[in-house]
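Please have the structure open as you read.

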Amino acid sequence: MVTKPSVSQSKNSSHNQESKQSNKIRKSNKWNDPKGKRKCPFYKKITGTTFCVDAFSYGPISGITAYFLSHFHSDHYYGLNKTFNAKLYCNKITANLVSRMLHVEKQYITILPMHQSVVVDDVEVTLLDANHCPGSAMFVFRLRNGSVHLHTGDFRASEEMEKLDILKNSVISELYLDTTYCDPSYDFPSQKFVLDYVLATVTDALKCNKRCLVACGTYTIGKEKVFLAIARALECKVYAQKNKLGTLQCLEIENFKTLFTSDPHSTFLHVLPIWSVSAKFLRNYLDQNADQFDCAIGFKPTGWTHTNNVTASGIVARQYGSISIYGVPYSEHSSYSEMRRFVQFTKPRKIIPTVNVGSPEKRREMNMIFQQWRS
Ligand SMILES: [Zn+2]
């Protein structure tokens, strides 16, 4: 019997450990000061290389020459700041964000192309789209001795990935796998299903009332495809506050200038922080914009949830007078079955989980699952 992984707990476990540790020894904010910092765990180092992935909270790591960043989520870049002075490798979008938000000096950042191999310290490196947040990348490392290691970063496996020659034609020695939802109970609809549902809901709402606000909740980075799908299908602009527009500008979105606006009156589609998609906030928002809107629909894209009041599709709809709020299970991590399919496609010789690895028991459970998949 496999117990459910406590995702949020385990995802944050390194942070909890960091804060516990900081009670004893005050951790230095300087990247290259080892004071109070933990030792880098093995699963962040790539076997047979001098590389590490998403390992910035340990200070300079002995023997490491290249620090790779898979994407701009805080549990992956944690520890990276303007004092970083080693060699950072990432793609263009992540580099834009690292410069803008963390003020890492440009001289330390090497931008790597997507889907094109380059040589870093004698290793052939190829970045592939991880289908997670904007800029998210998987890394294929081809070593001089012929070994190929694949690091997924955070990813949502898709059938599109099975068409990539580099994955079709490589024998993967070690797969560093995003195991966020590595349990059979984690199943949720495809992103396409959710986007189609959102589009149909918005279209119906606007048919009933043209003065309807459509509010999409977002994080700093992530879930952008929800409001982009609405904007592209309905050919409307997207309103966001100035600071959010600055972040969105880093994402190299096509037709950025015609797509986005800082004028809330020029469109019904507003991007808001995820916490503000609530009945109370939207009620005030409607009152403040009564000249423009009569009613509102809000979308709160989430990962997998334990909520009871869900439909078969996993979508939660709640009505508060003229306000409707939809919790939509738009996951940017693989479901259990997608992860299994990806492993069975890549056929790695060894799998190294990178999430929920806090306890030996959890690692054992995941290894049992991997054995079943490969038998
Ligand atoms: Zn992530």
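## Aromatic pairs

Rings of Phe, Tyr and Trp (its six-membered ring) pair if their centres lie within 6.5 Å; planes under 30 degrees apart count as stacked, over 60 as edge-to-face and the rest as tilted. The whole structure holds 24 aromatic pairs. Phe-51 and Phe-141 make a tilted one, 5.5 Å centre to centre with 55 degrees between the planes. Phe-51 sits in strand β1 (residues 51–53) and Phe-141 in strand β7 (residues 137–142), so this pair ties together parts 90 residues apart in sequence. Strands (E, at least two residues) and helices (H or I, at least four) are DSSP runs, numbered from the N terminus. Phe-51 and Phe-141 are both buried, that is, under 20% relative accessible area with a 1.4 Å probe, protein chains only.

This is a predicted model: local features need pLDDT of at least 70, side-chain atom pairs count only at pLDDT 80 or more, and totals for chains, interfaces and linings use all residues. Residues are numbered from 1 along each chain as its sequence is written, and side-chain values use heavy atoms, leaving out hydrogens and water.

Ring centres of Phe-68 and Tyr-89 are 5.2 Å apart and the planes are at 25 degrees, so the pair is stacked. Phe-68 lies in β2 (residues 66–68) and Tyr-89 in β3 (residues 88–90), 21 residues apart. Both Phe-68 and Tyr-89 are buried. Tyr-89 is also the bridge partner of Phe-68. One aromatic cluster takes in Phe-51, Phe-68, Tyr-89, Phe-139 and Phe-141.

## The sheet

Four strands form an open sheet with parallel pairing, in the order β1-β2-β3-β4. Pairing requires at least two DSSP bridges between two strands.

How values were computed. Buried < 20%, exposed > 50% of the residue type's maximum accessible area, 1.4 Å probe, protein only.
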